[in-house]
Amino acid sequence: MCNCQTIMPSYEAEQHIIAATQHILKALGASKNLSDEFKRVLTELDSHLSTMTIITETEGGRFSEIEEQLKHAERKIIRWESDPCLIWDSGPMEATEYLQAVNEILIVIESLGGLSLSENGKPKEIALRAQNALQRAMSRLEEELCHILFQHKQYFKPQYVLLHSRAEGVFYDESFASVEDEIVDETSQRDGEDRESAECYLDLVDPCVIPNIKSIANVMSASNYIQEFCEAFIDIQREALYEYLSVLEMEKLSIEDVLKLEWDCLSRKIKKWIWIMKVIISVYLASEKRLCDQILGDFGSFNSFCFIEISKDSVLCLLNFGQAITTGPQKPEKLFRLLDMYEIMADLHLEMDSLFSEDNGSFIRIEYHKLLSGLGASARETFMRFGNAIASDASIRPFPGGGIHPLVKYVMNYMRLLPDYCDTFNLLLKDQDIDESNAVVEIDNGQDFSSSTSCPMAYHLRSIASSLESNLIDKSKLYKDDSLQYIFLMNNIHYMVKKVKDSDLRLFFGDEWIRKHIGKFQQHATSYVRATWSSVVSMLRDDGNTNLKERYRRFSIAFEEVYKNQTRWCIPDLQLREDLQISTSQKVIPAYRNFVGINNRNVSDKHVKYTTDDLEELLLDLFVGSPRSLHNSRRR
Amino acid sequence: MPATEHQSSFLRRISIRRNQVISMDGNHEQELEDLELFQKHVADWFAGLLSPSEELISSEPLMSISWLRKLVDVFLCCEAEFNTVLIMGRDPSQICKPPLDRLIPELMERAVKALDICNAVSSGIDSVRQCKRFAEIAVSALKQNPIGDGQVKRARKALSSMLTAMTIDDKENHCKSAERTWSFGRRGNTAGANKERAVGNFRSLSMIVAKNWSASKQILAMCSNLVAPRGGEPTGLASPVYILSSVMVFVMWALVAAVPCQERSGLATHFQIPRHLAWAHSIIALQERIAEEWKKKKEKCSAGLLEELQKMEKLGQSLIEFADGFQFPGETEKMDEVRAQVAELAEICRRIEEGLMPLQMQIREVFHRIVRSRTEILELVDNAGKVSQPIV
């Protein structure tokens, strides 16, 4: 401001001029005619005065310097208005100069700041002009900002890695037709999967333009235009996120749409959702947050405000899909998807909490946690329903051949997948009442008491196995033939034991359970042998009334009857079949050999239909599941 | 009639009912009594909304934020009372018998549609909040003294963004929003620049609302099978189901009409509740008033009937008009008028700031409540035995 002094005429000089002017006026009043020379001097004075007008009209003229400064800045700002190029595209010099111009305007405004602008006059005029210039500059900067953000946004397209879910294709349908053992074997490879997502950031905007954006933010904030900056920033970044979600092929589905989807399709979408959740929350939003911090870190609450506005809609959309899933019917096959969803959300919840840690993010945090617990409740409910469904699954007709009932296959294969979710499951089941009377294993001896057999999941698994067993007993009663009842129970319990032993389920069922159930199916085997063969063998016994020939004949008929029936029956497990054939042999063959040995001299060969070797061979045809008959063909 | 009052009276009722359930045996009479009480409450609550007390008329006009908050409260009360009527002390087998075997699944479908509407409305509320932010910029610019070209232009820009934010979600108004938004193509360098891409405070269709989703179709579908129980005297639970459904449709309809919402053409052609039903008188009257308002505003491309939104829209347009004709320093009379408008706009912003978040929270509560009740009712149906068809 010191320059003003030199421009302003000193008081003394002013007094001289005033005196001289008064003198001239007096002289002019006295004469009527003007000489040429006099005219020339006066014209000179006039033109001199006209150049001085401004100075003399300002209040002291001390604002002319400020005005010059403003004019200079205005020119730079206006020049760009007619330029079709973008400032930041035209080089760093141009950008710096432009920002410099804005700063000059800000200086002008600041230097007028102390003055009262209410009266009309020069300061007010300059101030208004400065405000106007500032507005034009801000409008331009906003435009530049949008361009920079838009043109330098960076996409990364992550490969869609289908999460190898641990539970593929265990599908419940009334006929259990789709259940095959193999289906499950291809799964459970997911263990090595990186659950803890490594801290990873992406540059959503080319890092080389970040300083540019930051400088725009700074100057807009200094100009009190930070709100405009934020709105534009939010707008572009939110759009970018929408676009990114569509790159990830995230569909916008209403809850109604989701509820109408077929299971297969829904299951695919759930897997995709899990993947998208992971990418969006732990990568994209983390990066967005970092971007906001870089640009708006100095501007307090504007930072979190922008981040939340950018991400809110998309996050709520993702959560809404989860909500739709929990709203749908709780079919057993959904359990694993629900657990997958629960796990990913549990994994991400700390990240989520830190992304939305501010007060204004609490809405999202609350929704997130609501969904998390909703998924948990839904998984729990689905599991309970699964248990009830097993208990109440009723058949009308006996299962042909006494083989492995599809329900057992389904339930066991289903259960085999659960140990992978053990931690989650225990967490979810912790507060549930456990019906201990249903828990089969006895922990009394303390030997089998390890954490895995006593965790909530273990109780539930055993409880399910126990309802399955009672259901099997009901189903076995549908057979009229006691022997077939035993075969059926032996087969199915053996299957259960095998599935338990061959998988991680053994850790939850425990040795005690396994021992007990091996005992059970062996008991059924013994009962079978007794039920079928005791009467057949008894034909050979001398009851005092029947002659030898007749005893041979009756034995053969009884044997043929059993053979006809039981070749139709089925023991799918080869080892088990062999074992039963052996114990059958042990019951039948020694008795027959003995009988033949004692009586072979008293009976001619034609009455002895089967040799011991014949019988031994024929017994191997039992339980193969293909009916044969001995009536017409004599095997020799 | 503040919200808490409903709540507490409702809670009191539950506890009374609990005691009654134990001692109750012949429950037909109880049923009728329940129904009567339910109808009476519905009638009373809506009467309170239709004609509020003297001192509230000016502070809480129809379709204002505080009025909508009361409306949502009333819905929550109706819903809660319905659940007690339906669930408590009820012989569950009744639920599987006609007509409930049909009515309940229909109600559940309606509930799912209501969930989607809640989401759309919540997103509409976000647009209102965005409008408010632009309005605040305009207010702060125009509060300056003196008002110069710079402030006027700043305010104008913010106000036009505000009007854009109001209109975008509605298909009917797409034309309008397109012309308001500016595009990147504007600057020369178009070769590399993107095709006409609308940016600059253009809020695209909300993420949460599915692409072809239509609020008006949704409302229509909700009342497609909504028929008042026939016969001289409404019997059993059919009547409460009908009452709750009507209330649900009405409340959702009013919310959709209030805030920017995707695709609302033909919203005024509303559902019909038979006039002879005493409990419905106030609802019908409200419905008529809102529908009339809707028809009136439709020609003017209104963003929604929310009182604050309408005022904001009107003030916005008027201030833009002022800005377009502004020449410094402006006539004193005109400037006084502008200052009054700015003060009004500031007051609306304050009301929005105060009431919008609570309203949004309430709508979220409605959402969660519907989800919970739906689950409970489905469980009830499940326990009651056979469910003839899977219920979506």
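View 1. In chain A, 81% of the contacts with a separation of 6 or more are between residues 24 or more positions apart, a contact being heavy atoms within 4.5 Å. This is a predicted model, where local features need pLDDT of at least 70 and side-chain atom pairs count only at pLDDT 80 or more, while totals for chains, interfaces and linings use all residues. Residues are numbered from 1 along each chain as its sequence is written, chains are lettered from A and ligands numbered from 1 in the order written, and side-chain values use heavy atoms, with hydrogens and water left out.

**View 2. Chain A, helices and surface.** Chain A has 23 helices and zero strands; these are DSSP runs numbered from the N terminus (helices H or I, at least four residues; strands E, at least two). Of its 636 residues, 51% are buried, meaning under 20% relative accessible area with a 1.4 Å probe, protein chains only. Its accessible surface is about 30300 Å², with 52% of that from carbon and sulfur atoms (Shrake-Rupley method, 1.4 Å probe).

**View 3. A close look at B:Glu307.** You'll find B:Glu307 in helix 11 (residues 307-324) of chain B. B:Glu307 counts as buried because its relative accessibility is 18%. Beyond its neighbours within four places in sequence, B:Glu307 touches B:Arg351, plus B:Pro61, B:Leu62, B:Met63 and B:Ser64.

**View 4. The largest nonpolar core, around B:Phe46.** This core has 312 residues, and A:Phe229 and B:Phe46 have the most contacts inside it. Such a core is a set of buried Ala, Val, Leu, Ile, Met, Phe, Trp, Tyr and Cys residues joined through side-chain atoms within 4.5 Å. Setting aside neighbours within four places in sequence, B:Phe46 is in contact with residues including B:Leu71, B:Val74, B:Phe250 and B:Leu286.

Methods:
Buried < 20%, exposed > 50% of the residue type's maximum accessible area, 1.4 Å probe, protein only.
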